Structures are given as C-alpha cells and as structure tokens.
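Trainee: I would like to learn how to read this model with you. Could we take it feature by feature?

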Amino acid sequence: MSNDTLTHSVTFTEAPAALTVVVDPTPQIARGSAVIVERRRPKAAGWSLLQGLGVVVDHWRKSFRKLDDPTQIAGTFTTEYPEERLPLPEAYRNMPILLFDDATGHELCTSCFQCQRICPPQVIHMTQAKDPETGKPVPAVSEFIIEYDACMSCGFCAEVCPFDAIKMDHDFELSTANHPSLTVHKAGLLRPVSYYQSIAPTFWAEAEASAYKKLEANKKRRPASIGIAPQMIEQVKAAHELRDDQQEADSPPAPVAIAPALDAGRAATPATASAAPAASDGDLPTDKAARLAAIRARNEAKKAAEQAAPAQAQPAAEGAATALTTPDAPLTDALPAASERTAPPAPATPDAPLDEKAARLAAIRARNAAKKAAQAEEE
Amino acid sequence: MITTDELQINIGPQHPSTHGVFRMLLTVDGETVVHLEPVFGYLHRNHEQLAEVNTYLQNMPYTDRLDYFNSMANNHAYALAVEKLAGIEVPERAEYIRVLMVELTRILNHAGALGFMINDMGAWQTPLAFGIREREKILDLFELVSGARMMCNYFRFGGVVRDIPDEFIPRMKKLMIAMPAYMDELERLLRENEILLARSEGIGILPREVAVSYGVTGPVLRGSGIAYDIRKAEPYSIYDRFDFDVPVGSVGDVYDRFLVRIEEMRQSRRILEQIIEQLPDASGGHINPKARQNVRPPVGDAYARVESPKGELGFYLVSDGGTKPYRYKVRAPSFINLTPLGDMCRGYKVADIVVILGSIDIVMGEVDR
Ligand code: SF4
Ligand code: SF4
C-alpha cells in the first residue's frame, strides 16, 4: 500500500491536551445539584498501591471467620452447597406444579385454560376431561403437560389460576441428561396440597379457604372417578371400600375416612414425605407444637361459632396422630385442612371466619419465627 | 524508510471481555486503532416482533431479559409506558416500592459494571469479586420479594405483584449499613491506584458535543460533563420527592465514568434512605385494585422513559385498541451508548479498547434485543 495510509496516524494519543474539557456549570437541578466528581492524584508514588493491598490483606485476614452479619462486608459467607442450603423465600418460583387434595385425591385444576392462555412462551397444554357416559366436558383435566425446558418461570400461571390449582415449586435441581423427561405430564406435575403448604405456608393460608370452597363446588360437577390424581387412585379406591365396609357394619353414614389409607400413599410420594403436616416429623418439635397451636386456635374459633358440634372439634385438636392410628375413627379430621372442610357448614357469625383466618396467620407467623429461632440456636 | 500497512482484524464475536456476543472490526496501525466498527446483531431474538404477538402483560417477563442485570428497571419502564397508554393510576406505596427496587438495581448494576470494567483492565477477579459480593446481597432481597433473583417480573400495571414481606425492611437496613463500607473500600482499593490511573486517565475520551450528537445517555454522558439525568430532567414516578445530586465528570474519559458510577451508588443509597423513612406513611396498597392486568388500551401511542442504570431506557407503544401492542419499540441505552465506540477508541491502543468498552457498561441482551 502507499504511504497515504500513514497519514491516519494519530494525533491525540498523548492525551493531556484533551484533558482540559470544560464543564459548564450545570443547569438548575431541583432538590440536588450537579457535582463534579473529584479526580484525585496519589499522594506519593506507590502509596495507593499499598493502600489497596491493605484492603486485600484485610479481607484475607478476615476470610478465616464465617460471616453471618450482613452489616459487615469482610469475611466468608459462602454456603457450601449442596451440603448446606440457603433457605428459600416463600415467594421463590421455579417450575409450576399442580396440586391435589391430600384427603380425597381430587385435583384442584378444573381445566379452565386460563394458565394456558396467559403463558408467554405457550408451554402449557391440556385436554379437558369428559364424562365417560355422556361425553360432555367436565371441570377436570384428563391430560396436562408443561414443557419445563421452555418454561420461563414467570409465575403468571400461578397468578391467574382462579382455583389455586397451579403453584410455583421450590425445587430447582432439575438438571437431567434426558431431555424428553422435561416435558412433564400430569402425573409428574401433581403434588399434594400439604407439600405446597410446607413450602409456602402463608401463601397457602391466604388461598386455602377459597381454594377448597371452589374444589367442593367442582367435585359435585365431576363424575366419581374423574379428576383424581393418578398416584392417588389406588388409595382412593381402598378408602372407598373401607367406607363401604363401615357403612355396612354400622348404619350412621360417616363422611369418608380415607386419611389412613392416604398415609401409606404419602410415604410412597417422596417429595411429600416430610411435607405432610400429619406425617411424623419429630425432627421439628417446635414446628409441630406451633401447628398444634394453630389447630387449637382454629378450633377455638370454630367452637365459638358452632356450639352444636363440640365433640367434633376435640379429636382434631388432639392432633392428627390419633385419627391416623385408629382406622375406624369416626369423622376423621386427620389433616388440619381436612377438618375444616368436612365440618358441617357452620351458621357462624359473619366475623368468625375472619378471626379464624387471623388466628391461623398468627399461628403460621409464630411457627416461622420459632423455626427461625431454632435454626439460629443450632448455629 | 520503512513503510507500514494498516491491518484489519476482528475482535469477537466471542472475545471473553466483550461482554457478550459482539464483534469489533478494527483497523490497526501497529498497536494503534485507526478505525473501529462495532458490529452487533448476534443476539437478536426478535424481541420487538415477539412483543406484538403477546398481550401487554405477557411482555413483562420478556423485558426482564433485555438488560438482565436490571430487570427491575426494565419492568419499570415498560409498566410506565403501558400505564401511560391505558391511563392507569399507581398508588403511592407502590411507587415507593418501585423506586426502592430500581435504586437497589442501580447499586447492583454499578457494583457489577465497575467490577467488570476493572476486570477488563487486567485486575483479575478481586475487584469483581467484591462487586459481585454486594450484588449478591441485593439479589437475595429481590428473591425475597419477587421470587427470582434476576428475572424478577415484579411489576404489574398499577403497582407491583405483591407487597414487600415483613422481613424485607429490616434486612435492607442491615444492607444499608454495609453499603458505604463497600463503596469506601472500593475507593480505597482503586480510586488513586496508579495502575488504574494509567489505564483510564485520558483514555476513551468522549467529548461532550460528540456524546450529545450520538444521543448517549446515562453515566457515559454524565462522565462527559453533562448533568442530564431523567430522574431530574423529567421526574417520573415519585423522583421529585427525593434529594439527590447528579455527579458529572470533567474530562469524559474512562476514569470519569468510573468515578461517576461510584458517586451514583452513593446517591442511590441516599434515595433509599429517604424511601425507608417515607414508606410507612405512604398511602394505598402495593397495587391499584382497579387496574386490570389484561389491559386493552385505547387507540393511541405512548412513550415512557426511565433513567435505567445504563441510561435512558424507553418503551414506545402503539395501541390499535386491542389486547396486544400494535407496535412495540425499545430505546435501549446500551445500544445507543455503544454506537460512539468507534469515535471513543480511535487513536488509542488495542489494549485500551476493551477497557473503553467495559467503561460503557453494555449488556448485549439489550443491545441486540
Ligand atoms: S411459569 Fe410462566 S412460562 Fe412457566 S408455565 Fe407458568 S406461565 Fe408458562
Ligand atoms: S391450572 Fe388453574 S388456570 Fe390452569 S386450567 Fe387448571 S384451574 Fe385453570
């Protein structure tokens, strides 16, 4: 090439000339001013390097102790995952799951297509269930698919669901070499309500009443075998047989007592083993105590509301264990949640349910606080 | 006489310090850059067209993914645009929560950006690790309120998705104690550091006229000596209620941008302090209960802009009266701040251009959309 290209050679590599850009004393700024940042020079050669080194050495020195005070910045605050885990906040969202009722195995989903419609990447697919006799659609899903690999964890599905049937799970360890397994079908999506309650107690407490009310209404519109979580079908069948046997034995028809049968099923569902409120979680005594307190508080409220059935509140308050171990216990209220639903509709004073809800929330808060205190003690 | 030739080389599209998939077409004369042409588009994912087939609400999580460092600020700009279009009111408390999140975002962005910039200078990892450490604490707070660390999807039309939980403010107060310590430490570590001065002073000068003519905004523009901050120039949300200063540089080089960002972190902390003070008295809830999320704005258009940590982030929406935007346009600060890169680099050494690029603070997710 010619020498012309050299004429490009540069004039302002020696920058100092350009360093004298003038700043115009800047415009009127409401509630503040424009401040010109101060360009400092080191006091003596090498001084600032030593100063910087001091910062690093200070960190090194402090790195030998564990830091759990968030107001400090030096120290080690690494969590040794997977041995240690950070507690996940209730709001944490990873992948959506579907819920079914522990007590009856009924799925909460009614196939209303709201979540499918809102899902931004369109990864939810479902088929509405049909009545096998009439062929008419019923409020239940026969198949429900979420493509976990394309879900963006936005949480919209859980937000729009009017039946609280779809919720965001906390499980984030989903990596797999088997890609097709990330297209999850209904059986893989379903979790018992008690599991969700264990990961997000306050959220569920807020949704619980309306969710169960709606479920009750929907169950009436479903034929018997429709809308039962696949993993629960066996247990539900067994429970129904048990009930039939009981009915033959003694005439007063008792509401379904399937909780004992479900207990076995819960043990078989790994995710829920620790989650079910009624299951034996002796490892968390404070937790259990708090939960009992919650049940008691609720029963107090209920008692005040309905004087008619005082006998019923008592077994529930005694704790779920008794109900579970006696297979022929009448009117099983094994699960705190279940107790509420199977209770006869109370002609309550209008503010009673509110009190009850407040009491439950208070109990949950107390339990969370207790758990935190216990954790702090352990550390 | 020895004759020399100019040489054209590519840096990128996958150079580790290019902050994403980005290519720089360099013409060099020895070590000196004669011409630089930024080439982008490798991360194009049809964001704007996609937004036109989604409903207004469905676009909210996609805005998280523009500048994935600052999802809260992106949410804010988009929510403001839709609210302007559909005429939705935001309760006072929601405004406070929004500003709180956005100012936290600014601190975490600058902590990260400074770390990455210094990383580009060759201070391998230590300052970056300090920045990431602070950013991490803020991300934990975001997780607490929104459920996700980075893809927050926290804003809704007329407010935010849920109120901040009880433990949020106490945790944040603790963090507020740690923040100045971090900022002081960063200054002690680097502000007068001779190596940093040698690598940044007088490097990548962007004169104010050039900056203005390119439409540069954010810390890059302020580094060039122009006190233009949308929070002051056109206060949106409730920014007119807070006292804070606008730091500006005097030279417009890399060093000024570094200093401006540190000062901006301090000013953001000042705003946060005022928010904590005023939040309990704010009226209203976290969301306007009357606001419908499946909005159907009247025919018309709206442009809303915020001072995102990187500059002016604006959303332009055109509605045809339907449930989906007829046109959706993002004015991305990273993209516009990147265009004068050629001017900023001309005449400097090849080793300087990564530093200059780092000082602009770009996120390719926003540049290419
Ligand atoms: S979380 Fe979002 S992306 Fe995932 S299934 Fe739900 S709506 Fe779809
Ligand atoms: S999960 Fe909820 S929103 Fe989705 S179809 Fe079922 S009931 Fe409707």
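Trainee: How much area is buried between chain A and chain B?

Mentor: Buried area is the accessible area (1.4 Å probe) that two parts lose on being put together, summed over both. In this predicted model, chain A and chain B bury about 6,000 Å² between them, with carbon and sulfur atoms giving 57% of that. Arg31(A), Arg39(A) and Ile73(A) supply 13% of the area that chain A buries against chain B, more than any other three residues. As for contacts (heavy atoms within 4.5 Å), 67 residues of chain A touch 79 residues of chain B.

Trainee: Which conventions should I keep in mind?

Mentor: Residues are numbered from 1 along each chain as its sequence is written, while chains are lettered from A and ligands numbered from 1 in the order in which they are written. As the model is predicted, local features need pLDDT of at least 70, side-chain atom pairs count only at pLDDT 80 or more, and totals for chains, interfaces and linings use all residues; side-chain values use heavy atoms, with hydrogens and water left out.

Trainee: How many salt bridges are there between chain A and chain B?

Mentor: A salt bridge is a side-chain nitrogen of Lys or Arg within 4 Å of a carboxyl oxygen of Asp or Glu. Between chain A and chain B the count is 1, and Glu159(A) pairs with Arg156(B) in a salt bridge at 2.7 Å, N to O. Over all chains, the count comes to 35.

Trainee: Where do Asp58(A) and Lys62(A) lie?

Mentor: Helices are DSSP runs (H or I, at least four residues), as are strands (E, at least two), numbered from the N terminus. Both residues lie in helix 1 of chain A, 4 residues apart, about one turn of the helix.

Trainee: What about the backbone at Pro82(A)?

Mentor: A cis peptide bond joins Tyr81(A) to Pro82(A), with omega about 5 degrees. Pro82(A) lies in the loop between helix 1 and strand 2 (96-100) of chain A.
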